[in-house]
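Q: Hey, can you walk me through this one? I'm new to reading structures.

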Amino acid sequence: MNGRSMPSRLVVLLAGNPNSGKTSLFNWMAGAHQHVGNYPGVTVEKKSARLTRDGVEIELVDLPGVYSLLAASPEEAIARDEILSGTASVVIQVLDATNLERNLHLTAQLTEMGVPVAYALNMSDEAARNGLEFDLERMSGLLGGPVVPTNGSTGEGVGALLASARLAAAGGQLCPSRVYYGADLEEVIAAVASQFEGDDAVSARRRAIGLLDGISDPHAPSGAADLAAREAARLEKRGGRPLDVQLAEARYGFALGVVTEVARGTAHYVRCDRTLRLDSLLLHRVWGLPLFVFLMWIVFHLVFTLGEPPMQWIEAGLGALSDGIRAVWPAGTAPLLQSLIVDGVIGGVGGVVSFLPNILLLFLAIAFLEDTGYMARVAFLMDRLMHKMGLHGKSFIPMLIGLGCTVPAILATRMLESRRDRFTTILVTPFVSCGARLTIYALLIPSFFAPRWRGWVLWGLYMAGIAAAIGVARLLRGTVFRGEQAPFVMELPPYRMPTWRSVAIHMWDRAWMYLQKAGTVILAISILLWALGTFPRHPESGRHELAQAEILEYTAIGRIGKWIEPAIRPLGFDWRVGTALAGAFAAKEVFVAQMGIVYSLGSASGDDSDSLRQTLRLHYTPLQGLAMMLFCLLSAPCVATIAATRRETNSWGWALGMLLGMTAIAWTVTFLIYQAGMRLGWGGF
Amino acid sequence: MKIERLSAKAEDYLETILRLSETLRGARTGDIAEALNVQPPTVSAALKSLTEQGLVDYTPYGAVGLTPKGRQLAEDVAGRHVALRRFFTDTLGMSQEDAEHAACGMEHDATPLVLDRMALLGDFLRTHPGMMEKWKAMRETARGERAPGVESSLKELPPGVRGVVMSVDVADSLRKRLVEMGVTPGVLIAVERVAPLGDPIAVEVRGYRLSMRKAEAARIRVKWRPGLI
């Protein structure tokens, strides 16, 4: 079926285990031509590139890294579907030479797919340093496809690999199934395969093995499914263990057989290598956790301290641009357009772009931690704690990042493999107090609390956020995301020094996705909020003596504030607070600015904040102040968070559910605290 | 040069006679029977056979003596025994009792080449600075002598002891994940370390590291095996 002699267009799929160095080989082959997107319907990254070699157009697709093609996870299902879609001319499997046995387990499944396969023996230089050498010719014979040694950090062998892959594709030679499952199983496989009448031999065999392995195949003839179920039960009884275990044993038997045949040199002992020494330190019973806290402090510091100056430059630049436009704008002409451009568009773009330094640095740190192999150790170290909360060890990093900003934190949940873990983490991360909420605390705490209490109130707010995250995580686990916990069966890859090139590409891919997708939504909603804060316009808004507070009161946001006043009165809030809260939906720190405007103090930055604090002290009690902070902590996250949630869950339902759920929780908790406080007589000034 | 080898039983007799004949009392049938833990008539029959082979000088009710050929063979066996025992105690760090027992079992099969290489290995470790200490440290972390053959769950396998997976008795989806990662019956596995907070564990299997929770490890049965993975 692949007998084309001179194909003018080739589809080359890159398959392999996670950590096999697949992506760096892809980067070498694809260069600047790559394109990153998502597979339709799921948030699994799809990386592809279009190249031309000797007049042949090649579409190169980097499949998700998988350990198996049994379609147990979305990644596996995608890899399997892409390979079987019929468009693939050739599959290149990237094999990690230092971990050949487990990598060849995937090969065992790949050879059953009925596509030509070429092999990249990656990291063979590292294996050689460990004393392992390979008989490539023998290996090629055993695996039924060309084997090319490659080096992901230098790009060595990449050209030869692509050339071999093209030859394999042009030859149209199918890689025959190389696994022998034993006489009993083979007999049953043949019997089940004979039921697939419309299929060719390779496909029938594959689907028969799939049925016996317990993979659902809705289009299988009922005869085949029944026979497979019957025979599986018989063989399980006979073998004394489940059939999927017996099949895996045979595949690993194949893998071990190939390794024994082709690898020469002293046996590779895991226990004597560099990774063991590093783990002895980084996972040390006593020092492991302090070292981890220190490394996380560095990451946090890098992201939010180093990112601060460029963030301010961008904001200053956008401010200067706005001022420039205002200055050159012909006075009196189209003031609304000016406001749209300056406050709506530039303000909205600013909201997207000013996050960029933080996000780039964050993705840099994550890419580095992932590519070195430490990220898996983080999950290993934190799993016990996070497991108690109903989360996964890997949920820790997003929540930590959430202390700085929720948007990158939600993007960082991509590390989590299980959908349940990932969604739970996305939904609880906004409870962690972000940097923007700190500006609210910084305004309100000194307004209402004596200096000796301030630290405690701040600490209490952060703890309340974490407590809410734990509570909601457990609640979600018990209801929506009920069911067996995702197992923590995870490879601890060897430590490797990533190349800057691969880290930079890794970082840029993700940052670009953020800009493209979350960015457009943030921009749109920012313009909407601008409109709400501008319309309807006060009939006399052109007059200078009119206070900003009156203009704001007249607009939709002002009206929303008044309209929701009955709902928020039991929390101790008046319409002014309501207006500020509505504005805070754009970004939490807007709360401070809005409070400044409603009390006619202009923008509440710098010297003005003290006078605003005095005004607040006159109008509200400490209990009301606490209620405001609590509400800001727990309530609807900002627009950017909603956009990121929509993006990462691929559903408006979850994003809006988060919005409503958090608002409901915030209202209930604030209501209880405020009313209890009033009853206890803490409502005075 | 071809070395004439006797049966293990015959070697035991020669070795015992050699040892006893060096005492004042000499080697007597009753003493031989006692030393080898057999009945006196058995000893008589064996001695008769050894006499026929020209190895033993035997008269009923008298002391048993060795012919020059018998003495040479007996000394050879005794030498192998001593060499093995010394290797076991000095190089492998086994107790006197364990070493004696192991030497008795292996003395008949050890070829001169094996003994020579064992001695060389011992010399190598002793004459190269730090080698003996490293080997001792590795030996102690491995704790291989502890109860080989014991069956337990992977969770209870002490770090450093390797085991053979007997069964993976977990729910469907998780079992698939474990077996595709290479945790199949018959594979060698060892716990490398436990996380500082006490839950997940890191294991070595098929030449790489895998982590899993104790809840999962509790469902994997292993048979302990001495030595390193």
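Here is a chat about the two chains and how they meet.

Q: What kind of model is this, and how are things numbered?
A: This is a predicted model: local features need pLDDT of at least 70, side-chain atom pairs count only at pLDDT 80 or more, and totals for chains, interfaces and linings use all residues. Residues are numbered from 1 along each chain as its sequence is written, while chains are lettered from A and ligands numbered from 1 in the order in which they are written.

Q: What's pLDDT, and what does chain A average?
A: pLDDT is the predictor's confidence in each residue, from 0 to 100. Chain A averages 82, and 89% of its residues score at least 70.

Q: Where does pLDDT stay under 50 in chain A?
A: One stretch is residues 1-5 of chain A, with six contacts beyond four places in sequence. Another is residues 602-607 of chain A, where the model has 11 such contacts. A contact here means that the C-beta atoms of two residues, placed from the backbone, lie within 7 Å. Where pLDDT is low, the predicted coordinates should not be read in detail.

Q: OK, what is chain A built from?
A: Chain A has 31 helices and 10 strands. Those are DSSP runs numbered from the N terminus: helices are H or I with at least four residues, strands are E with at least two.

Q: How much of chain A is buried?
A: Of its 685 residues, 48% count as buried. Buried means 20 or more other C-beta atoms within 10 Å of a residue's own, exposed means 12 or fewer, and partly exposed is in between, with C-beta atoms placed from the backbone.

Q: And which residues have the most contacts inside the largest nonpolar core?
A: Val90(A), Val91(A), Ile92(A), Ala208(A) and Leu212(A), in a core of 214 residues. A nonpolar core is a set of buried Ala, Val, Leu, Ile, Met, Phe, Trp, Tyr and Cys residues joined through C-beta atoms within 7 Å.

Q: What does Ile92(A) touch?
A: Leaving out residues up to four places away in sequence, Ile92(A) touches Val12(A), Leu14(A), Ala118(A), Ala120(A), Leu161(A) and Ala165(A). Another core, of 18 residues, lies apart from the largest one and includes Ala27(B) and Leu66(B).

Q: New topic: how many residues does each chain put into the contact?
A: The contact takes 34 residues from chain A and 34 residues from chain B. On chain A's side, helix 16 gives the largest share, six residues. By class, that side has 18 nonpolar, six polar and 10 charged residues. Nonpolar covers Ala, Val, Leu, Ile, Met, Phe, Trp, Tyr, Cys and Pro, charged covers Asp, Glu, Lys and Arg, and the others, Gly among them, are polar.

Q: Which strand of chain B does strand 10 of chain A pair with?
A: Strand 7 (residues 208-212) of chain B, antiparallel, over two bridges. Two strands pair if DSSP finds at least two bridges between them. Met490(A) has Ser211(B) as its bridge partner.

Q: What sheet order does that give?
A: An open sheet of seven strands, 10(A)-7(B)-6(B)-5(B)-4(B)-8(B)-3(B), with antiparallel pairing.

Q: Why is one side of each edge strand left without a neighbour?
A: Strand 10 of chain A and strand 3 (151-153) of chain B each have a single partner strand, so one side of each has no neighbour in the sheet.

Q: How many bridges join strand 4 and strand 8 of chain B?
A: Six, in the antiparallel sense. Val168(B) has Ile220(B) as its bridge partner in strand 8 of chain B.
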